[in-house]
Amino acid sequence: MKMPRYKKLSVGVINIKIHPHAPMLYKNLLEDIFNFREKVKLRGSDWGTPGHIFYNNSDNNLIKGFFYKYTNISPTQPWLSLIDYEPIYNENGESIPQIPDYLKPNLKFIHFIFSIYKHRLFFDADAISPLIMGKLLKGLFQDRKIIDKYGDVDVIVQSSADAIEKILSIPSITKLEISITKLNPDELSGLKKEIYKRLERLRVRNHTEIDSSSKEIGLNPDEHTKALMELAIENGKIVATGYDGDEKIVESSEPHPVIKRGYYDPKREDIYRAMKRLINSFFHNGR
């Protein structure tokens with residue numbers, strides 16, 4: 001009996017927030033960026049743009065689709081022939097494009113599933129890193145047509161709880177900077193809900209709390225600080241500076257994105273079905 005050939009799957013998570021939090025607004029927001037089809041420079045010659053979206057007939061909460069990542073070739077730079085090792089010019093010494101500018105090489109599909117109620121975008125982290133995916137979305141949401149219609153859109157690459165453990169394990173924390181964007185009250189309870197209410201009373205959209213101490217004493221984060229840190233890994237970021245003896249340590253939540261990993265048999269299920277399995281485990285863990 002032939003054994004199935006499983007494929008690796010890694011799923012990253014991005015929290016997308018607009019205010020007010022209304023599922024239909026999130027649905028419209030996603031549809032609009034796919035209608036506008038802006039192009040965003042990612043890194044070097046890599047660019048990204050929306051591809052296509054379609055709906056999950058069995059779950060109206062979910063939108064499936066994919067973005068494109070491609071290499072953008074300059075139409076004005078010369079091409080090199082590896083036959084005679086000479087640049088390709090015309091009789092006037094001008095470069096000759098070898099393909100039309102509307103054709104782009106090195107295409108990659110970035111599959112995703114978007115939950116309109118959780119306003120989370122789950123994407124194939126094997127096709128693109130979480131930080132670069134965040135950059136693509138931020139670029140798309142900076143389109144003036146999007147801002148005029150929805151206001152500022154927050155894009156937060158969700159960090160793992162391991163980031164908090166790494167920060168709290170620093171022997172002597174001398175500086176702790178916690179930044180959070182405007183919160184969604186539907187996802188909060190206990191002390192986190194109280195923090196939300198306080199920030200609402202203050203009419204805060206972006207909140208940063210900075211605490212510092214000497215190397216000899218070090219900070220002792222209390223329950224309030226730890227609750228802020230838990231909010232920040234889904235709604236902002238944490239940066240800590242401290243010491244282990246004479247060694248200076250700087251830890252940030254950003255290099256520790258949430259990634260769910262698994263495998264699937266492409267002959268038995270497509271990538272979206274496999275992603276949905278990982279997404280279900282994400283929410284079953286209380287996230």
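View 1. Exposed here is over 50% relative accessible area, buried is under 20%, and partly exposed is in between (1.4 Å probe, protein chains only). This is a predicted model, so local features need pLDDT of at least 70 and side-chain atom pairs count only at pLDDT 80 or more, while totals for chains, interfaces and linings use all residues. Residues are numbered from 1 along each chain as its sequence is written, and side-chain values use heavy atoms, with hydrogens and water left out. The buried set in α5 is I195, Y196 and L199. They share one side of α5 because they cover an arc of only 100° around the axis, going by the directions from the helix axis to the C-beta atoms. Those buried residues pack against β10 (172-181), β11 (206-212) and α6 (223-235), with contact meaning heavy atoms within 4.5 Å. Helices (H or I, at least four residues) and strands (E, at least two) are DSSP runs, numbered from the N terminus.

**View 2. Helix α5 from end to end, plus what follows.** Its 12 residues (190-201) reach 17 Å from first C-alpha to last, close to the expected 16 Å, which is 1.5 Å times one less than the number of residues. After α5 comes R203, with a positive phi near 60°.

**View 3. The largest cavity holds about 60 Å³ of space.** A cavity is a set of points on a 1 Å grid over the protein atoms alone where a 1.4 Å probe fits but cannot get out, and lining residues have an atom within 4 Å of a point. Grid points are joined across faces, edges and corners, and the volume is the space filled by probe spheres set on the points. The lining includes I180, Y196, L199, E200 and H207. β10, α5 and β11 each give two or more residues to it, and α5 gives the most, with three.

**View 4. T71 and N106 meet through their side chains, in a polar contact of 2.9 Å.** That term means a pair of N or O atoms within 3.5 Å; within protein, one must be able to donate a hydrogen and the other to accept it, and residues adjacent in sequence count only if both atoms are side-chain atoms. T71, in strand β4 (62-71), is buried at 13% relative accessible area. N106 is exposed at 59%, has a positive phi near 60°, and lies in the loop between β6 (86-87) and β7 (108-115).

Methods
On a 1 Å grid over the protein atoms alone, a cavity is a set of points where a 1.4 Å probe fits but cannot get out, and a pocket is an open set with protein on both sides within 12 Å along at least five of seven lines; lining residues have an atom within 4 Å of a point.
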